[in-house]
Amino acid sequence: MNIKKVIVIAVSFIVGAAAGFLWASNAFKKFEIAKEVDVAAQAAMDSVTLAQLRLNQTTNAIADLENRMDISIGTLAIWDQVAPPSAEILKRRDRWLTSVKVYHQSFPVQNEDTNLVALVNPFLEKIAGRSPTSTCKGSVCQLDDLRLAALKKATNSEPK
């Protein structure tokens, strides 16, 4: 009789665990965003920005792009705190983020969400900046060259 009780309890436990696993995996799937949805959302946001550019609403387009970029960086900052990437991923990620840091040296993060600003700025401080010997001719480098020229002019100006 005791063996039957043990078997019934064990089977009940296994069935309960399986049902719990199936329920939990279904619940997590509802919170997960499919890659297709992510790409479609990006395309939709790009269409809004392109429409703004076609309508000569460049200020709005720039603000939208900066906001999207800063939200992405804020997300990376949170991920970096929760689960830091491996050394290899960190190196590759930071190489891409150098242009973001260089851009924000010319145009600092401006957002009504002070939490986002507080996430982005310290995160970007850890990213290596543009090399002083860089001969890059890309648009981000051109912006940085303008910033550096203005800094040099301001520090080397003659007193009147």
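In which helix is Val15 found?

A: Val15 is found in helix α1, which covers residues 2-31. The model is a predicted one, and the values given here are computed from it.

The side chain of Val15 belongs to a patch on the surface. Together with Ile3, Ile7 and Val11, Val15 makes a nonpolar surface patch of about 390 Å². The relative accessible area of Val15 is 52%, so this residue counts as exposed, the cut-off for that class being over 50%.

Val102 lies in helix α4, residues 87-106. Its relative accessible area is 3%, and Val102 is therefore classed as buried, since the limit for that class is under 20%. Val102 is also 7.0 Å from Val140, C-alpha to C-alpha, although 38 residues separate the two in sequence.

A further exposed position is found in a loop. Asn56 lies between α2 and α3 and has a relative accessible area of 66%, which means that it too falls in the exposed class. The backbone of Asn56 deserves attention as well: its phi is positive, about 60°, although the residue is not a glycine. Most residues other than glycine have a negative phi.

Helix α2 (35-54) and helix α3 (58-82) each supply at least two residues of the lining of the largest pocket. This pocket has a volume of about 260 Å³. Its lining consists of Asp38, Val39, Gln42, Met45, Leu65, Arg68, Ile71 and Ser72. By class, four of the lining residues are nonpolar, two are polar and two are charged.

The second largest pocket has a volume of about 170 Å³. Ala63, Asp64, Glu66, Asn67, Asp70, Phe107, Pro108, Gln110 and Asn111 line this second pocket. Its lining is divided evenly, with three nonpolar, three polar and three charged residues.

Val102 of helix α4, by contrast, is buried.

Conventions:
Residues numbered from 1 in each chain as written. Predicted model: local features only at pLDDT ≥ 70, side-chain atom pairs only at ≥ 80, totals over all residues. Heavy atoms only, no water. 1 Å grid on protein atoms, 1.4 Å probe; cavity = no way out; pocket = protein on both sides within 12 Å on 5 of 7 lines; lining within 4 Å. Points joined across faces, edges and corners; volume = space filled by probe spheres on them. Helix = DSSP H or I, 4+ residues; strand = E, 2+ residues; numbered from the N terminus. Nonpolar A, V, L, I, M, F, W, Y, C, P; charged D, E, K, R; others polar. Patch = residues over 30% accessible without salt bridge, like charges linked within 9 Å, V, L, I, M, F, W, Y side chains within 5 Å. Areas by Shrake-Rupley, 256 points an atom, 1.4 Å probe, with all protein chains shown as cover. Salt bridge = Lys/Arg side-chain N within 4 Å of Asp/Glu carboxyl O. Buried < 20%, exposed > 50% of the residue type's maximum accessible area, 1.4 Å probe, protein only.
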